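Please read them alongside the model.

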Amino acid sequence: MPRDRLVLLVACLAQFMVVLDVSIVNVALPAMREALGFSAVGLQWVVSAYTLAFAGVLLLGGRAADLFGRRRMFLAGLVLFGVASLVGGLADSQGLVLAARAAQGLGGAVLSPATLTILTTTFTEGAARSRALGAWAAVGGVGGAVGGIAGGVLVNFLSWRWIFLVNVPVVILTAVLARIAVSETRADDRPRLDTGGALLVTGGLVAFVHGVVTSETAGWAAPLTWGSFVVAAVLLTGFVFLETRIASPLVPLGIFRIRPVSVANATMALIASAMFAMWYFVSIHMQGVLGFDALTAGLAFLPQSGSIVLGSQLSSRLLGRVGTRPLLVGGAFLTAAGFAWFALLTPESTWVGGVLGPGVAVGLGMGIALTPLAGAATSGVDRTQAGLASGLLNTSRQVGGAIGLAVLSTLATSRADGLLAVGASPAAASTAGTTRAFAVAAVVVAVAGLVALLLPRAPRTTDDSPAGLVDTPDGAPAR
């Protein structure tokens, strides 16, 4: 197999594993509660420990790849992720499981931005990079859906421990391939790591995501919720102040003056805020209203997963001829239309009549949008900041997704509780809450499409640009 294909395989395997572990744990939670005696709050932290560590350290992980070597940090993140998975699979206490999940999140935060950085520094030709980004975007999009299927199969036929242990052979294979195929690259100039900035931004992001996560159980008015937001505001304000006053900042704020980078991150945050919630609400509807078990619900996501792959591959092939902005805008509006279709669900809707069509529309739109998003996020960025740009995009996705899930869950719950209070059936109340969330999600993703219109006319791939993506007026691939 040619070296560049091995590099793509390595990056996709790692990205798939990281995204998969965000969702694979969900269907195993009941079995974990029975085996280890988790309370309802403790069970939530099996999910939240990963989210907090992952979202909080992404920026630091992305910048560390630039400074200390992309392959070195990739392998370091991979080893940490693998060891944490082994510990989680063998854990015999709640504390050890939570520690393993947090360590997985830390490993993923180093690993995930490195995957995109390795691709953008390996593939320089326009068509080749577009195909690579299309594959990377597809596995990232599908990972969330496949998590439910994989989790259901592993729990049903083996045990909950295999949601952790299944990562170990994948980590070993990926590490061997990475040692063979991935060359070491780093910034030529290696300034000292901005330790103060790293502590402030990591602490600020962790506090912010903690506030969002806490709001789901304690409510938005709870002291722990708004206290977390206050701490986040103070730390992130201090971070911005520090970054403007030191010679080698962790995040040079000038990167946000690159319009494709700013627009791509804003668009990603908005789309992710709807997409993360979509997996949750569709799963709840299929199991709570349609009566599917966990495995059947996971299998019911297969058409949607396939449409993501189809959209990503279609987008990667059209990117050279159409350009970034039309694909991103079109994908966002198709996704918004799918959410609007989802908002027509009723308690009597079948899977074929109410879930299949909008699910495929949302998946296809998301697949079309993800490839140009990945390209735009690194457009005009110097190679020395490729890891930082990757970390920013992943941070936007995780933070946007956490906010969206919390806000839309609150809206859905308030609607359902109001209907239950006046005597509505549980199915009718649940469906009404779900459709309210989908209607709001449709508006949010439509706004994302409007934001994407702010992109330059046609960010394009060239062979000699620092980050591989520059603007050309005509949409024809540069050779």
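**Notes on the model**

1. Leu119 sits in helix 5 (helices are DSSP runs of H or I, at least four residues, numbered from the N terminus). The model is predicted; local features need pLDDT of at least 70, side-chain atom pairs pLDDT 80 or more, while totals for chains, interfaces and linings use all residues. Residues are numbered from 1 along each chain, and side-chain values use heavy atoms, without hydrogens or water.

2. Is Leu119 buried or exposed? Leu119 is buried, at 1% relative accessible area (buried is under 20%, with a 1.4 Å probe and protein chains only). Beyond its neighbours within four places in sequence, Leu119 contacts Val7, Leu8, Ala11, Ala132 and Trp136 (contact means heavy atoms within 4.5 Å). Its C-alpha atom is separated by 7.6 Å from that of Leu133, 14 residues apart along the chain.

3. The largest nonpolar core has 52 residues (a core is a set of buried Ala, Val, Leu, Ile, Met, Phe, Trp, Tyr and Cys joined through side-chain atoms within 4.5 Å). Met278, Val282, Phe339, Phe342 and Phe438 touch the most other members. Helix 11 provides the largest share, 12 residues.

4. Phe339 deserves a look. Not counting residues up to four places away in sequence, Phe339 touches Ala274, Met275, Met278, Val362, Phe438, Ala441, Ala442 and Val445. Another core, of 23 residues, lies apart from the largest one; Leu6, Ala14, Ala178 and Ala181 are among its members.

How values were computed. Buried means under 20% relative accessible area, exposed over 50%, partly exposed in between (1.4 Å probe, protein chains only). Helices (H or I, at least four residues) and strands (E, at least two) are DSSP runs, numbered from the N terminus.
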